[in-house]
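Colleague: I should like to learn how to read the features of a protein model in order. Could we begin with how its elements are named?

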Amino acid sequence: MFAAGLTFCLLILYHVFLITVYNPQRIKKSSVIKFACGGIFTLIITIVLLVFGGTAAKKSIQSMKDYENGEWQVEDVLVMDIYRGSRGHKVSFRSNSVLIEIDKGEMTLYFEDSLIYKGEKYRFTYLDATDTIIKVENIIE
């Protein structure tokens with residue numbers, strides 16, 4: 001989705017560049033200014049997409065390096081809320097990924113082997129850069 005959005009923005013920027021700089025059809029200046037304003041707006045969206053994508057790529061690369069080097073974090077946390085997706089809809093597919101809210105923020109568990117319940121304490125082994133949970137252990141008090 002990210003690559004498709006970026007490609008679409010670049011396609012629009014290319015056409016806006018042709019119309020505003022070369023103006024092959026000799027369009028009036030007022031129309032060229034409208035195209036230039038649209039191009040500036042599209043350029044801003046493109047820059048935001050590039051920054052967002054670059055940041056996400058850096059975090060993912062750092063997580064892969066941390067996982068390879070065994071530099072993961074272990075912490076005992078209280079699960080405040082859980083979001084398992086839209087399982088109630090007939091069209092949606094069943095996903096094993098879970099979004100878990102704790103006091104520090106949100107964490108992602110991509111493969112839920114055993115059910116996690118709201119209000120219980122767990123020991124999470126996770127990657128710090130992307131807050132991706134690797135292992136879950138139930139803490140019995």
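Modeller: Helices (H or I, at least four residues) and strands (E, at least two) are DSSP runs, numbered from the N terminus. In this structure, which is a predicted model, threonine 46 is found in helix α2.

Colleague: Is threonine 46 buried or exposed?

Modeller: Buried means under 20% relative accessible area. Threonine 46 counts as buried because its relative accessibility is 3%. Leaving out residues up to four places away in sequence, threonine 46 touches Leu6, Cys9, Leu10 and Leu13.

Colleague: Which residues of α2 are buried, and against what do they pack?

Modeller: Val32, Gly39, Thr42, Thr46, Gly53, Ser63 and Asp66 are the buried residues of α2. They pack against α1 (2-22) and β5 (121-127).

Colleague: What span should α2 have, and what do its end C-alpha atoms give?

Modeller: The expected span of a helix is 1.5 Å times one less than its number of residues. The 41 residues of α2 should therefore span 60 Å, and the distance of 59 Å between the end C-alpha atoms agrees. Just after α2, glycine 70 takes a positive phi of about 75°.

Colleague: Where is tryptophan 72 found, and which nonpolar residues form a surface patch with it?

Modeller: Tryptophan 72 lies in the loop between α2 (29-69) and β1 (73-78). With a relative accessibility of 37%, tryptophan 72 counts as partly exposed. The nonpolar patch on the surface is formed by Tyr67, Trp72, Val74 and Ile134, which together have about 390 Å² of accessible area.

Colleague: How far apart in sequence and in space are threonine 132 and tryptophan 72?

Modeller: They are 60 residues apart in sequence and 9.8 Å apart in space, C-alpha to C-alpha. Threonine 132 belongs to strand β6 (residues 132-138) and is buried, its relative accessible area being 15%. Its contacts, leaving aside neighbours within four places in sequence, are Thr108, Tyr110, Thr125, Tyr126 and Leu127.

Colleague: Let us turn to the strands. Which residues form the covered face of β3, and which the uncovered one?

Modeller: In strand β3 (residues 98-102), Val98, Ile100 and Ile102 make up the covered face, while Leu99 and Glu101 make up the uncovered one.

Colleague: In what sense does β3 pair with β2 and with β4?

Modeller: Two strands pair if DSSP finds at least two bridges between them. Strand β2 (residues 81-83) and β3 pair in the antiparallel sense over three bridges, with tyrosine 83 opposite leucine 99 in β3. The pairing of β3 with strand β4 (residues 105-109) is also antiparallel, over five bridges, and isoleucine 100 stands opposite methionine 107 in β4. Two residues lie between β3 and β4, which form a hairpin.

Colleague: How many salt bridges does the count come to?

Modeller: A salt bridge is a side-chain nitrogen of Lys or Arg within 4 Å of a carboxyl oxygen of Asp or Glu. By this rule the count comes to four. One of them joins the side chains of lysine 104 and glutamate 75, at 3.4 Å from N to O. Lysine 104 lies in the loop between β3 and β4 and glutamate 75 in strand β1, so the pair ties together parts that are 29 residues apart in sequence.

Colleague: What links arginine 123 and aspartate 76?

Modeller: A salt bridge links them, with the closest N and O atoms 2.8 Å apart. Arginine 123 is in strand β5 and aspartate 76 in strand β1, 47 residues apart. Lysine 135 and glutamate 137 also meet in a salt bridge (3.7 Å, N to O). Through salt bridges that share partners, Asp76, Arg123, Lys135 and Glu137 are joined into one network.

Key. Residues are numbered from 1 along each chain as its sequence is written. This is a predicted model: local features need pLDDT of at least 70, side-chain atom pairs count only at pLDDT 80 or more; totals for chains, interfaces and linings use all residues. Side-chain values use heavy atoms; hydrogens and water are left out. Patches are made of residues with over 30% relative accessible area and no salt bridge: like charges are joined within 9 Å, nonpolar side chains (Val, Leu, Ile, Met, Phe, Trp, Tyr) within 5 Å. Accessible areas come from the Shrake-Rupley method with a 1.4 Å probe; for residues, only the protein chains shown count as cover. Buried means under 20% relative accessible area, exposed over 50%, partly exposed in between (1.4 Å probe, protein chains only). Contact means heavy atoms within 4.5 Å.
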